[in-house]
Structure formats: C-alpha cells, structure tokens
Amino acid sequence: MDYQFKDIEQKWQQFWADHQTFKAEDNSTKPKYYVLDMFPYPSGAGLHVGHPLGYIASDIFARYKRLKGFNVLHPMGYDSFGLPAEQYAIQTGQHPAITTETNIATYRRQLDQIGFSFDWSREVRTSSPDYYKWTQWIFMQLFNSWYNKAIEKAEPISVLVKHFEQHGSGDINAVCDEEVLSFNADDWKAMSHDEQQAELLKYRLTYLRESTVNWCPALGTVLANDEVKDGFSERGGYPVEQKKMMQWSMRITAYAERLLQGLDTIDWPEPLKEMQRNWIGKSTGASVRFPIENQESRVKSQEYIEVFTTRVDTIFGVTFVVLAPEHELVKELTTPEQQGAIDAYITQTKKKSELDRMADTKTVSGAFTGSYVLNPLNGDKIQLWIADYVLAGYGTGAVMAVPSGDQRDYLFAKHFDLPIVPIMDIQQIETEADPTKDGRYINSDFINGLFYSEATKAVIAKLEEIGAGKAKINFRMRDAIFGRQRYWGEPVPVYFKDGLPHLIEESELPLVLPEVDKYLPTESGEPPLGRATGWKHPLGDYELSTMPGWAGSSWYWYRYMDAHNDSEFASKKAVEYWKDVDLYIGGSEHATGHLLYSRFWNKFMKDMNLVVEEEPFKKLINQGMIQGRSNFVYRLLLQEEDLSQTQYFLSKKQADRWVNTQTFGQELLDEWNIDYKIKYYLENQQRLAYGSLHVDVNIVNNDVLDIEKFRQSRSEYNNAILVLEDGTLSKPGDVIKGNYICGWEVEKMSKSKFNVVNPDDLIARYGADTLRMYEMFLGPLEQSKPWNTNGIEGVFKFLRKFWRLFHNDQWVFTVSDAEPSKAELKSLHKIIRKVEEDVERFSFNTSVSSFMIAVNELTDLKCNNKAILQDMVIILSSYAPHICEELWTLLGNEAGTLSYATYPKFNGTYLIEDEFAYPISINGKTKMNLSISLSLDASATEAVVLANADVLRYLDGKAPKKVIVVKGRIVNMVV
C-alpha cells in the first residue's frame with residue numbers, strides 16, 4: 001500500500017496517548033536528561049506554522065536522547081494567566097477560565113497532531129488553583145525572608161528578628177530600603193508589634209513601596225515595560241501614562257551580583273547573556289550629596305540631593321543637577337515662579353514610558369525648579385532642573401551634569417544656555433563633549449594637575465572625610481514590581497490589618513480567585529477583585545491586586561518534576577533526581593523578563609534549601625522566528641478612492657509596467673482593453689489611484705492567485721476584473737485561461753497581513769512528519785527565516801520515497817534478510833555519523849538534507865535489506881516518528897518499542913575507501929567507470945582494466961599504445 005500518512009499518524013498518536021509511551025520515570029538507572037520548551041500562553045488564534053519550530057527541535061532532541069539511553073523528561077503545560085483572556089472577558093462577560101479552557105483544547109489538539117513526545121501526565125496550568133497554590137507559597141517564603149549581605153544569601157526573617165532582639169540594627173549588612181531605623185536591642189523590644197512589622201517590611205524580599213508605574217487607564221492595570229510601545233499598550237494600543245502607586249515589589253537587586261556572575265557558568269547564547277548584563281548594569285563609582293541651598297526654609301524632609309556617578313573625578317565640572325520629574329522632592333523644591341513650567345513638564349512626561357524616555361537621546365527638554373544645590377567640595381551654587389532622561393527608579397533619581405564630559409549634558413547646557421566648564425587640559429569641547437580620561441585636571445581645585453586614577457581616589461577620600469559621599473557599586477536593574485490591578489492572575493496571599501500586610505496561614509492556600517460581576521475596576525478605582533462579594537479575611541481586607549504575568553512562569557519547571565504533589569511544590573527526591581533543565585528552548589524576547597526572574601527565584605529557592613542547583617537552565621537555545629511570506633495584489637481605481645465601482649487588479653508584470661510608465665497610463669489601459677479615458681489637464685496632472693494590498697496566502701500557490709477564491713474572499717472583490725500576466729482580462733464568469741501572479745515580501749507572520757499559515761491545513765494535506773521535517777529543513781534553528789509553503793512538496797516526496805524502500809512495485813511490504821553490501825553499509829554509516837553530529841550541535845536542517853541523500857543512494861542501490869532499513873528507521877524516527885513507528889512494526893518489532901530502541905553504533909571502517917570507481921578513458925574520452933581495489937599498484941590496476949570485457953569491447957581489438965594510471969583518480973589509454 002502507498003504511503004497513507006493520515007491513517008498512520010492518527011493510529012500512532014492514539015497509541016502514544018493510550019500507552020503513555022513518553023511518560024518519564026522519577027527513579028531510573030539511566031542518566032537523566034530534562035528537555036523543556038518555554039510553555040505557551042494559549043491564545044484564541046491557536047498555533048500558526050511559526051510556533052512549533054522550537055517544539056519540533058526540542059522533540060527531535062528528546063527522542064534522540066531516549067535512543068541514546070537517557071531517561072528523558074519532556075513535559076508541556078500552559079502559561080494560562082494572561083491579559084488577552086481578561087480583555088475578552090471585559091468585552092463579552094465570559095469568565096476568563098472558560099476562554100482559557102477553550103483555547104487550551106485547541107492548543108492540545110494542534111500539539112497532539114504534530115506528534116510531540118510530551119509527557120502529558122505532568123501537564124501544568126498556571127491558572128489552576130492546585131498550581132498557583134505553590135506560586136502563592138513561594139511568595140510567602142519571599143515575604144518571610146531577608147538578604148544577608150555578610151554571607152550573600154537569603155535567610156528566614158526570624159534570623160533577622162533574633163539579631164534585632166539581641167544586638168539591634170547596628171552591625172546588620174542587609175539589602176533593604178534606603179531609610180531604615182537605627183536602634184539597639186532595648187529599642188527594638190520597646191517597639192510595638194506593628195512598629196516592628198513596619199520596620200521588618202523594609203527588609204523583606206517582597207515588600208510594599210510607592211513606585212512609578214506604567215498605568216493604562218483603558219485596561220485598568222499596570223503594564224510591564226515590555227508591554228508598552230511608544231507610549232501605548234502593546235495590546236489594544238491604549239494610551240499609557242506614568243503614575244505613582246503603592247505596589248508590591250521584589251528585591252531582585254539583592255541578587256544582582258549573583259545574577260551577573262552566574263552568566264559565566266551557563267551555556268546560553270552570548271547576545272542574550274549580554275542583554276542580561278546590560279540590564280543588570282553594574283557600575284563602579286561614588287555617591288555624592290549636594291546640599292540644598294537654604295534647605296532649612298525650603299525642604300523639611302531632606303538636607304541634600306544624593307547622586308550616583310561613575311565619574312566622581314568630574315565633580316568640579318558640574319554646572320547643573322537634574323532630578324527625575326517624579327522625584328519626591330520636586331514639589332518642595334519648585335519655586336512659585338517656576339510652578340507652571342514644572343507642572344506642564346510633568347504632565348508631558350507622564351505620557352512617555354520609561355523605555356521611550358531612555359531611548360530618546362535626541363530630544364532636549366527640561367524645566368528649571370528655581371532652586372539651587374551646592375557643590376559639596378567648593379560651595380558653588382548649582383541650578384536644579386528636572387528632565388525626563390532621568391528616571392526616579394534608577395539610582396537616586398538625580399544626576400550631576402558635567403556638560404564638558406557628557407554629550408547629553410552638553411546638548412542640554414547648549415539648549416538652555418548653561419555653563420560648560422572644561423576640566424581637562426586636553427579637552428576639545430567647541431562642538432561636542434569630550435569624555436576623555438587622559439591629560440591633567442584644570443579648574444578642579446585640589447586635584448588640578450593630577451591624572452585620572454589619583455584624582456578619583458583624592459575626590460572620594462575628601463568626600464568621605466567630610467561626610468558628603470563614598471565609593472559605591474551601583475546596578476541599573478531595579479526591584480521588580482510584583483502586582484497588577486487586574487482580575488485574571490494569582491491572588492496575593494495577604495490581608496491588611498491596621499494598614500500593615502500580613503500573610504494568610506499556609507493551611508488557607510490556595511487563596512482562590514473569587515467570582516466578580518464584572519472584570520473592570522470598581523467605580524472608586526479599586527482593582528476588579530474589589531467587586532467580589534463577601535471576599536474578606538476574618539482579620540482584615542485581602543490584597544486586591546493580583547500577581548504579574550511572570551509569577552507562575554518563574555518556577556514551573558520544578559512542578560513538572562512532581563506535578564501531582566499535594567503537600568509540596570515538588571518532593572525533595574524528585575528535585576534531587578531531575579536537578580535542573582538540561583536543554584531549554586524559547587525566544588530571546590524573554591531575555592530580561594522571564595529568564596531573569598526565573599534565575600532570581602531559583603537562586604532564592606537554593607538559598608532556602610528548596611532546590612539543589614544555583615541556575616535553572618544549563619543550556620539555552622533561542623530559536624529564530626519563522627517569518628511570513630506575504631502576497632500582494634495590485635489595485636487600480638479608475639476613479640480616485642471609489643471602492644464601490646468595479647475594481648481592477650494588475651498581475652505582477654503588468655503592475656510593474658504601470659509603475660514604470662512615464663505617461664499617465666492611457667496607452668496601457670487601451671492595450672488591456674479597459675474602456676476608460678483618463679481625465680487630466682496640464683494644470684492638474686494626476687495619475688489614477690494605485691496600490692498594493694495584502695491577499696490571503698492560503699489562496700495563492702507558488703505566487704499564482706486562485707482567482708475565483710479571490711473574488712469570493714471579500715464582497716467588494718466579487719466583480720473584480722483582473723489584468724493577467726499576459727495582459728489579457730479576466731472578468732467574472734469568464735473561463736480563466738491565464739495566470740495572475742502576485743507580488744511577495746517577507747514580513748512578520750500576523751493575521752493583519754493575511755500571511756498566517758495554519759499547520760492544520762498542511763498536516764491535512766501532507767502529514768505531520770512532512771511538516772516536522774520541512775520546518776527543520778528551512779534553515780538553522782537559531783536564525784530567522786521566511787516561510788514558503790512552495791518547498792514542502794519535496795519533503796513529502798522524500799518520505800514517500802523512504803516508504804517505497806520497504807515495498808515492491810505493487811506496494812507490498814518486502815524486505816530481505818540478505819547480508820548488506822559494502823555500498824549499503826557505507827550509506828548507512830555515513831547517515832549514522834552525520835545525524836549524530838548534527839543533532840548534538842542542533843544543526844537539524846543539514847540532517848534533513850543528509851537523509852534525502854541517503855535515501856537516494858539506497859534507492860539507487862535497490863536496497864531492501866532489513867538490517868540496513870531497520871537502522872534507518874531508528875535514525876529517522878526522531879524527525880519523522882509516525883512513519884517510522886509504522887515501519888518498525890512492519891519489520892516485526894513490538895509496537896511502542898521504537899522510542900526506546902538503541903541508536904545505531906557508528907563503525908568507521910565502513911567508510912574507508914578500499915575501492916575506487918576509476919573513470920576509464922580512451923584517447924581522453926571517458927567511456928565507463930570501473931571499481932578497482934586501491935591496494936593495487938599501477939601495473940596491477942592496468943592488468944585489471946585490460947582484462948575487463950567492457951573495456952575490451954571499447955578497444956574493439958586495438959592494443960593500447962600507452963596506459964596512464966593515476967592512482968585513485970583515472971585510467972587513460974592511448975590507442
């Protein structure tokens with residue numbers, strides 16, 4: 001029987017599900033290998049052909065590792081809390097859980113039909129209460145912990161309390177808030193319980209603080225930086241403003257140095273590691289305190305403005321200090337004369353996200369507060385400004401501006417006519433800032449004449465002597481905001497009593513999402529959970545925010561290790577066996593989100609002795625994006641922008657002619673038999689409206705448009721007239737005799753561009769094995785590449801050719817038990833080695849090419865040898881599992897055993913060339929090839945040639961005058 005892929009694939013998918021073929025064992029004598037994909041958010045659109053790329057690669061590797069004798073854990077689940085389901089709930093009233101369940105069903109059906117070897121017995125969903133119970137539990141551990149800098153690890157908060165009880169706060173070296181109390185043991189004991197809890201909140205790894213956030217009024221929630229693009233929400237395109245809110249935060253900054261150092265221990269792509277290094281942003285410098293002029297009459301809360309700088313040596317070049325517009329002292333420091341300008345500037349700044357503010361290096365803007373600070377080393381008066389390039393959450397929210405050495409400060413000073421003071425004798429600052437560290441200092445008081453290194457030490461020493469500053473290491477990374485004002489997320493396991501947060505009891509977990517009447521904020525502005533009736537803790541009010549989208553994904557790989565454990569997030573035994581993820585595959589867009597937060601949580605859990613590894617993911621691969629290949633039609637409107645009329649569409653060749661014509665195009669209309677006269681006048685020359693439009697790629701084949709389906713695709717196209725490639729017209733009802741060729745372009749795959757290709761359609765037409773191999777064949781895994789359905793036919797033909805090796809001309813399964821030939825063994829062992837090398841280095845595309853070469857060779861050899869073909873089945877099974885499972889059983893093996901067979905052992909002796917097919921030439925013309933042992937010398941080789949019957953036939957009785965033998969190259973005879 002010919003290759004019946006539909007029946008074969010359905011049969012084996014059902015078999016794998018019924019027999020749990022890929023269920024991993026938690027206690028095995030085999031070495032473990034943990035292969036993980038970044039689990040998907042189940043969107044309503046389902047999968048397009050770009051989504052499975054990484055899943056296919058990881059599945060090939062997981063299947064290969066099983067063949068290599070590993071106990072492989074290859075699970076899958078869903079990151080199922082998300083804003084899209086909530087937005088749909090707001091629009092329709094349907095509970096997000098229902099939408100999510102429907103979407104998951106679609107994803108599961110699509111994943112199953114591609115033939116992935118997932119261990120579905122371990123499936124997790126972050127929105128399931130039995131999962132987020134443990135997300136809440138980990139939050140509680142963070143709340144009950146602090147970071148001890150003395151030992152560089154987190155400890156239970158009880159350790160800190162004990163220290164306070166015995167010694168007070170004097171010698172504590174902790175990561176904590178800037179403003180903490182100084183007290184002795186007696187002072188601590190004298191505090192009330194609430195006072196103690198308020199102080200401890202300044203040390204906890206998760207805590208409340210006022211933060212500047214991206215607030216989207218239309219969505220009613222705070223958005224992460226990566227959810228905001230150009231001042232608008234990525235989802236929905238709604239305006240986003242900067243707003244101060246009391247928010248839960250996590251002290252990821254406590255782990256900044258460990259996060260930085262850990263990058264050197266993991267096998268990740270270097271560009272991604274560099275993104276994390278830049279995000280963490282370690283810098284060495286000094287903190288400096290600039291006294292506020294007339295502080296006692298102006299600012300009651302603080303005597304100075306503190307800045308962090310990496311160039312403290314330039315302090316005598318400071319000519320202004322800049323605060324972030326949202327800095328807490330701006331209100332107090334603004335004079336009445338400057339109030340209007342400051343208020344207007346703050347309003348303008350609120351419309352920009354932090355990312356936009358950091359990225360915009362060209363626009364110069366700011367406002368003068370009317371106040372001054374003093375240079376702590378010489379007492380010079382310095383103007384105090386606000387500007388949006390300074391961020392409240394980075395450092396101290398203030399910078400000292402040195403326009404002679406910093407280009408942004410230079411442009412600011414030029415724009416607002418502020419002083420620019422040179423501080424190095426070799427500085428060239430006529431047209432731009434000069435940040436040089438060479439030369440000697442000038443205009444710099446006691447460091448005049450010094451060089452950079454000694455000047456820096458001298459300035460820091462002086463600042464420390466007078467209490468105006470100190471050496472300091474700073475990190476760009478800020479503590480992570482851990483809250484969203486929305487419904488569809490994990491409830492925070494906290495209630496408030498007398499204004500202070502308290503954890504619920506562990507026995508009360510999970511704190512389940514309550515039902516609400518609407519998924520919108522309350523009329524008073526509270527988050528949607530404020531709508532829940534009777535949702536209240538016996539001792540106070542529950543927290544109404546929910547956890548952010550990254551909470552559930554920051555530990556999920558551990559739940560796969562022990563997915564059904566009701567008493568622990570995962571048992572100690574399971575964690576000690578599986579340890580960490582050996583191979584993690586996913587997109588680089590998560591570099592400074594999920595991947596950073598996951599490393600943070602993992603390090604904390606290691607500190608708490610909950611897990612055994614410092615880093616969660618040993619090796620990471622970022623798969624490239626499969627881009628869409630869009631198609632275009634070219635519309636010509638005979639009356640400007642009148643879509644109600646008959647529309648004309650030009651095929652690619654004719655469209656190019658229209659674009660390139662130097663006239664108004666009347667001659668082309670006449671040539672195409674379009675009955676229309678262009679109305680134009682010398683004083684108002686205007687061509688007809690023309691433009692390209694996206695067309696659904698699913699009605700285009702090899703850039704040829706299905707004209708009837710095109711006319712049916714939209715009502716305004718029903719009567720469309722098409723100018724075909726040869727210039728003839730195709731009108732509705734005509735017999736189509738020519739082709740309409742579409743234009744094309746590589747773009748991001750999206751519904752709006754009509755270039756989304758559904759894998760369901762391709763599987764129905766070619767099968768899952770074809771799809772799997774074709775996605776790998778497109779190019780290197782890590783590179784982005786365009787999707788082009790046109791090439792998939794070749795992969796399908798390859799699989800059919802592979803199937804044919806096992807069957808005779810009547811499609812009857814026929815294999816031989818004969819001894820394999822040298823040529824067959826050579827082909828087999830070439831592919832054994834090639835696939836082994838390719839898979840180990842994740843070069844899956846070159847393996848597909850090698851499979852095709854091997855099958856062609858075996859076909860030419862008319863190979864139907866069972867020993868050869870059975871090994872070929874094992875080798876190919878990682879890529880095309882369905883066809884291989886079927887052939888495995890036809891070869892007489894037990895069903896379901898292929899996945900745990902042994903990968904064939906490479907034997908290099910079969911590749912040693914002991915024969916060579918010599919081209920045999922007579923008078924320089926090649927007549928034939930003749931295989932001769934390479935062990936023979938020239939005279940023996942000549943004897944073999946002259947004894948060959950075919951050679952004698954070509955010589956036709958003539959004796960060669962001369963025989964030239966070039967060993968391993970050619971034999972030429974002169975007659």
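Predicted model: local features only at pLDDT ≥ 70, side-chain atom pairs only at ≥ 80, totals over all residues.

Residues are numbered from 1 along each chain as its sequence is written, and side-chain values use heavy atoms, with hydrogens and water left out.

**Cavities.** I worked on a 1 Å grid over the protein atoms alone: a cavity is a set of points where a 1.4 Å probe fits but cannot get out, a pocket is an open set with protein on both sides within 12 Å along at least five of seven lines, and lining residues have an atom within 4 Å of a point. Points are joined across faces, edges and corners, and a volume is the space filled by probe spheres set on them.

I got 3 cavities of 30 Å³ or more. The largest has about 60 Å³, and its lining includes Arg63, Leu67, Pro881 and Glu885. Helix 2 (52-67) and helix 29 (881-890) each supply at least two lining residues; I took helices (H or I, at least four residues) and strands (E, at least two) as DSSP runs, numbered from the N terminus.

The second largest cavity has about 40 Å³. Strand 20 (residues 500-503) gives the most to this lining, 3 residues. I sorted the lining into 4 nonpolar, 2 polar and 1 charged.

**Second largest pocket.** I found about 520 Å³ of space here. Of its 24 lining residues, Val697, Val700, Asn701, Arg765 and Thr789 are the closest to the centre. Helix 23 gives the most to the lining, with 4 residues. By class, I wrote down 9 nonpolar, 8 polar and 7 charged.

**Helix 15.** Which residues of helix 15 (residues 407-416) are buried? I found Asp409, Tyr410, Phe412 and Ala413, with buried meaning under 20% relative accessible area and exposed over 50% (1.4 Å probe, protein chains only). They sit on the same side of helix 15 because they cover an arc of only 165° around the axis, taken from the directions from the helix axis to the C-beta atoms. On the other side, Lys414 and His415 are exposed. The buried residues pack against strand 13 (320-323), strand 15 (381-386) and strand 16 (398-401), contact being heavy atoms within 4.5 Å. After the helix comes Asp417, with a positive phi near 55°.

Technical notes:
Nonpolar A, V, L, I, M, F, W, Y, C, P; charged D, E, K, R; others polar.
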